[in-house]
Amino acid sequence: MMAATATLPPLLLLVLLLAAVPAPSHGWGVDGHLMVCQIAQARGRLSGAAAAAVKDLLPSYAGNNLSSLCSWADDVKFRYPWSSPLHYIDTPDGLCSYTYDRDCKDEDGVKGRCVAGAINNYTSQLLTYGRPSSSVPEYNLTQALLFLSHFVGDIHQPLHVGFTSDRGGNTIDVHWYTRKTVLHHVWDASIIQTAEDDFYGDGVADFIDTLTKNITGVWSEQVPSWEECGKNQTACPDIYASESITAACDWAYKGVDEDSTLQDAYFSSRLPVVNLRLAQGGVRLAATLNRIFG
Ligand code: ADE
Ligand code: ZN
Ligand code: ZN
């Protein structure tokens with residue numbers, strides 16, 4: 001190694017080193033967010049009013065396509081550093097439970113600064129759409145829509161509601177087959193990527209097609225229960241967060257130690273959980289937008 005690196009120009013060496021370190025991530029990868037948004041926007045899932053409002057709020061260059069901007073919130077976390085803690089929830093180590101009052105805070109203890117609080121906040125901003133009023137501030141509702149669509153995806157990633165000390169698996173080093181990574185990234189991206197490589201010859205579109213068919217097929221009897229939210233509630237992030245920490249304990253963390261090698265057995269037993277969470281994210285994003293826009 002020394003002999004080889006000594007001959008490389010320092011800048012190239014730095015680039016190679018940076019490329020080898022997994023970047024900390026803030027949600028499903030691009031494909032995961034694309035799937036959630038595309039499922040939400042799939043034919044017939046949005047009401048006429050919700051589809052019209054989405055079209056109105058999207059920037060014209062996006063056309064009618066929400067999914068092209070579903071990773072926007074990840075792209076702006078450096079421009080808007082305040083938005084970083086809004087992508088996840090840290091829960092007490094080993095408890096496998098979530099409550100809003102105890103857990104929805106940032107690292108400085110500021111209440112409401114977590115993904116569940118963000119979903120509530122952007123939902124109430126979007127409820128002002130079409131109801132201009134001099135007593136409420138004018139929000140940027142385009143940004144509110146993009147944040148909400150992204151965060152409904154994030155809250156369904158089990159490790160986005162993970163343990164505090166390991167930062168949702170970000171500090172747990174593992175091998176995914178032969179590659180070095182962290183457990184968090186396995187759930188953000190690697191399981192999805194391996195499924196695309198192994199099963200979906202035409203890539204992510206094929207994957208979305210399968211999930212969409214299951215929503216109207218094998219999952220159709222459960223779908224109404226996914227969409228449920230309290231009588232007078234518009235958004236239900238606490239339900240999704242509780243499910244995520246339960247799945248994190250039952251599936252993501254289970255059997256994994258520092259330096260574990262995860263391969264076929266882990267992949268095939270966890271892929272159904274990832275499929276379910278992506279589908280639920282998409283169905284619930286649509287249901288939430290339908291409740292918001294009436
Ligand atoms: N940073 C700290 N906790 C995290 C989590 N659960 N997911 C993503 N980033 C985090
Ligand atoms: Zn995110
Ligand atoms: Zn993530």
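## Two helices that cross

Helix axes here are lines fitted to C-alpha atoms over the stretch in contact, and angles run from 0 to 180 degrees between N-to-C directions. Helices (H or I, at least four residues) and strands (E, at least two) are DSSP runs, numbered from the N terminus. With that in hand, take helix H10 (residues 204-216) and helix H13 (residues 264-293): they pack at an angle of about 75°, with their axes 10 Å apart. That makes H10 roughly perpendicular to H13, a label for angles of 65 to 115 degrees.

On the H10 side, Phe207, Leu211 and Ile215 make the contact, where contact means heavy atoms within 4.5 Å. H13 brings Leu271, Asn275, Leu278, Ala279 and Val283. Sorted by class, that's seven nonpolar residues, one polar and no charged ones; Ala, Val, Leu, Ile, Met, Phe, Trp, Tyr, Cys and Pro count as nonpolar, Asp, Glu, Lys and Arg as charged, and the others, Gly among them, as polar.

## About the model

This is a predicted model, in which local features need pLDDT of at least 70 and side-chain atom pairs count only at pLDDT 80 or more, while totals for chains, interfaces and linings use all residues. Residues are numbered from 1 along each chain as its sequence is written, chains are lettered from A and ligands numbered from 1 in the order in which they are written, and side-chain values use heavy atoms, with hydrogens and water left out.

## Around ligand 1

Ligand 1 has Tyr88, Asp90, Leu159, His160, Arg167, Gly168, Asn170 and His184 around it, each with a heavy atom within 4 Å.

Now for the nitrogen atoms of the ligand. One is 2.7 Å from an N or O atom in the side chain of aspartate 90. There is also a 3.0 Å distance from a ligand nitrogen to a polar backbone atom of leucine 159, and one of 3.4 Å to a polar side-chain atom of asparagine 170.

Glutamine 157 sits in the loop between helix H8 (141-156) and strand S2 (161-163). This glutamine is buried, with a relative accessible area of 0%; buried means under 20%, exposed over 50% and partly exposed in between (1.4 Å probe, protein chains only). Leaving aside neighbours within four places in sequence, glutamine 157 is in contact with Trp28, His184, Trp187, Asp188 and Ser244.

Glycine 48, in helix H4 (residues 48-57), counts as exposed at 58% relative accessibility.

Conventions: Angles under 35 degrees count as roughly parallel, over 145 as roughly antiparallel, 65 to 115 as roughly perpendicular and the rest as oblique. A polar contact is a pair of N or O atoms within 3.5 Å; within protein, one must be able to donate a hydrogen and the other to accept it, and residues adjacent in sequence count only if both atoms are side-chain atoms.
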